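I opened the notebook to go through ring pairs and ligand contacts. The entries follow the order in which I looked things up.

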Amino acid sequence: MNELAELIRREIKQGGDLSYARFMELALYHPQWGYYERPAEVAPGNQGDFYTSVSVGPLFGQMLAFQFASDLVALGGKCQILEAGAHDGRLARDILTWLDRQRPDLRATVEYWLLEPSPRRRQLQEVLLAEFGGRVRWFDSWSAVPSSGIRGVIFGNELLDAFPVHRLAWNARSRVWEELGVTVAGPGDGFTWTGLALPANGEPHPLAPILPEALLDVLPDGFTTEAGPAARSWWRQAAGALCAGQLLTFDYGLTREEFFTPERGRGTARAYRRHQVTADLLADPGGQDLTSQVNFSAVREAGEAAGLRTTTWVSQAQFLTAILGRILAARESFGEWGSAQNRQFQTLTHPEHLGRPFRVLGQSRP
Ligand SMILES: C[S@@+](CC[C@H](N)C(=O)[O-])C[C@H]1O[C@@H](n2cnc3c(N)ncnc32)[C@H](O)[C@@H]1O
């Protein structure tokens with residue numbers, strides 16, 4: 001029996017239909033049965049449901065460490081690298097291992113901080129990172145981070161695409177965006193989609209995308225898209241915590257315009273199980289990964305509104321290739337680069353693998 005499905009059914013019966021964002025929040029993050037709370041089987045890579053740049057091998061972390069080290073030296077003084085959504089801690093381990101080997105001079109000045117709301121995830125990370133001792137610190141929320149803020153780098157890999165999203169469908173006849181919610185299909189049954197009530201005052205839905213009238217004139221009835229206020233608000237908080245340095249994210253995502261093309265008419269929310277995309281987002285809550293493309297325009301605007309300047313907006317392939325150029329220019333300071341590194345680099349940058357779908361947004365505090 002799926003206990004989480006039972007719990008969601010109860011919540012719907014007691015409080016009414018749920019937004020997809022609430023369904024996704026429970027399915028991914030319920031403290032006991034959420035997908036990201038289940039320990040072993042949610043290891044990214046061959047055994048898990050999804051690949052990440054980290055599961056390709058240690059090269060991703062090593063290249064980031066190389067880049068961060070030179071950014072932090074340029075900043076000078078005591079600095080932090082803050083990673084959010086560190087999952088099993090492997091990326092942190094890859095970065096810290098490289099720093100210890102190649103840049104022991106930074107040991108006294110650079111701390112590694114992890115932002116981890118889940119006590120269970122934190123425990124797993126603590127075990128993996130035990131060897132790095134007091135240089136690693138955990139915080140469960142932005143409010144727990146010292147009020148002096150962060151000097152250095154705040155970053156996440158595939159964090160924003162795991163935040164809950166709302167689903168909105170265009171009603172061409174009445175020219176309004178309606179929110180798709182989740183309801184119970186029948187007695188003891190699974191879940192199905194339903195329209196949520198529109199705002200009572202006749203106002204547009206508060207999360208409705210702002211689009212030119214000319215585009216709305218041709219948008220087909222039922223065109224579906226997502227709104228991700230949680231990702232925007234997370235980025236705004238991260239921007240607020242950054243007192244000097246940069247805020248970076250590695251994610252798959254689109255610009256606002258790229259969402260509104262004919263092939264994306266059913267939205268970009270997806271479910272993954274064993275590397276296969278499954279059509280049913282509502283099946284087996286807690287048993288499959290739920291995700292959607294990040295709206296990079298919205299995230300970028302949130303950072304700029306918080307006073308940051310956009311410095312990087314490239315594909316992962318471009319980002320890593322630029323770092324490779326710097327590594328080649330200072331070869332002896334990187335460490336080994338042989339056939340294993342070549343293979344990993346190809347997977348990380350190949351357009352058909354992680355190179356093109358993954359994009360990097362970087363903003364800094366001027
Ligand atoms: C797709 S996984 C990240 C994969 C991992 N970064 C990697 O590179 O392999 C998303 C992670 O974000 C974490 N997460 C979700 N909300 C978060 C938040 N508000 N702050 C920090 N981490 C969060 C989840 O627990 C989950 O481990």
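Entry 1, ground rules. I am working on a predicted model, where local features need pLDDT of at least 70, side-chain atom pairs count only at pLDDT 80 or more, and totals for chains, interfaces and linings use all residues. I number residues from 1 along each chain as its sequence is written, and side-chain values use heavy atoms, with hydrogens and water left out.

I looked up how many aromatic pairs the structure holds. There are 21. Rings of Phe, Tyr and Trp (its six-membered ring) pair if their centres lie within 6.5 Å; planes under 30 degrees apart count as stacked, over 60 as edge-to-face and the rest as tilted.

I took F23 and F191 next: their ring centres are 5.7 Å apart and the planes stand at 70°, so this pair is edge-to-face. F23 belongs to helix 2 (residues 20–29) and F191 to strand 8 (residues 191–195), so the pair ties together parts 168 residues apart in sequence. Helices (H or I, at least four residues) and strands (E, at least two) are DSSP runs, numbered from the N terminus. Both F23 and F191 are buried. Buried means under 20% relative accessible area, exposed over 50%, partly exposed in between (1.4 Å probe, protein chains only).

F250 and F319 are also edge-to-face, because their centres are 5.4 Å apart and their planes at 80°. This pair links distant parts of the chain, F250 in strand 10 (residues 242–254) and F319 in helix 10 (residues 316–329), 69 residues apart. F250 is buried at a relative accessible area of 0%; F319 is buried at 12%.

I also noted one aromatic cluster formed by F66, W98, F334, W337 and F345.

I found R167 over the face of W193, 4.5 Å from the ring centre. The test asks for NZ of Lys or CZ of Arg within 6 Å of the ring centre and within 35 degrees of the ring normal.

Which residues come nearest to the ligand? Of the 14 around it, they are V54, G85, H87, N157 and E158. A residue counts as near if one of its heavy atoms lies within 4 Å.

I then checked polar contacts (N or O atoms within 3.5 Å). Polar side-chain atoms lie by ligand oxygen atoms at 3.3 Å for T52, 2.9 Å for H87 and 2.7 Å for N157. The ligand taken alone exposes 600 Å², of which the protein buries 93%; areas come from the Shrake-Rupley method with a 1.4 Å probe.

Note on methods: A polar contact is a pair of N or O atoms within 3.5 Å; within protein, one must be able to donate a hydrogen and the other to accept it, and residues adjacent in sequence count only if both atoms are side-chain atoms.
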